[in-house]
Amino acid sequence: MTDARNETANKTDGNDQHETLRDRASHAYENAVARAGETAGTSREAVRDAAHQAGDFVESNPLGVLAGGLALGALVGALVPRGEREKQLLAPAGKKIGLAAVAALAAAKEAGRGELEELGLTKDGAREQAKSLLQGVANAATHAGTAAAEAGREQIKTTH
């Protein structure tokens, strides 16, 4: 009977150890899932922030981004050798991209010109402003000269 009790005690100890290991594994799994969820959330936020920063940069500096993209494309194009099949496949896309870049540059140029015109900074506007400024300076010099001459005459009259 003692052997049966020892055998039952050994089975109970084995079951307890087995359940403890199962609990530990379950706990470790739950912790890993929680950490993975936190890391995924943090990563999503970082990607979202980076996307917003990139969007803000593109909005504030579209010509710089366009120029940088063109330079990067030219660099990659120069470094990567092209085969005949690639030339056949990419030639239409290259033409479209080139036309799009020219159109974007023309639109940016026109938008900039429009902004300058609203501020009165056109060739004709600048010419008119310079002409007006020179006329103002000439009028001021004339008035100053006339005032100086009159003051000199008055001084001569009072001295004689």
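Helices (H or I, at least four residues) and strands (E, at least two) are DSSP runs, numbered from the N terminus. The structure is a predicted model, in which local features need pLDDT of at least 70 and side-chain atom pairs count only at pLDDT 80 or more, while totals for chains, interfaces and linings use all residues. Residues are numbered from 1 along each chain as its sequence is written, and side-chain values use heavy atoms, with hydrogens and water left out.

The protein has 4 helices and 0 strands. Its elements run α-α-α-α from the N terminus on. The accessible surface (Shrake-Rupley method, 1.4 Å probe; for residues, only the protein chains shown count as cover) comes to about 13,800 Å². Carbon and sulfur atoms account for 61% of this area. Of the 160 residues, 2% count as buried. Buried means under 20% relative accessible area, exposed over 50%, and partly exposed in between (1.4 Å probe, protein chains only).

The whole structure holds 1 salt bridge, defined as a side-chain nitrogen of Lys or Arg within 4 Å of a carboxyl oxygen of Asp or Glu. Glutamate 110 pairs with arginine 113, and their closest N and O atoms are 3.4 Å apart. Both residues lie in helix H3, 3 residues apart, about one turn of the helix. Glutamate 110 is partly exposed, at 48% relative accessible area. Arginine 113 is also partly exposed, at 39%.

A nonpolar surface patch is formed by Leu72, Leu75, Val76, Leu79 and Val80. Together they have about 480 Å² of accessible area. Patches are made of residues with over 30% relative accessible area and no salt bridge; like charges are joined within 9 Å, nonpolar side chains (Val, Leu, Ile, Met, Phe, Trp, Tyr) within 5 Å. Valine 80 sits in the loop between helix H2 (62–79) and helix H3 (84–118). With a relative accessible area of 43%, valine 80 is partly exposed.
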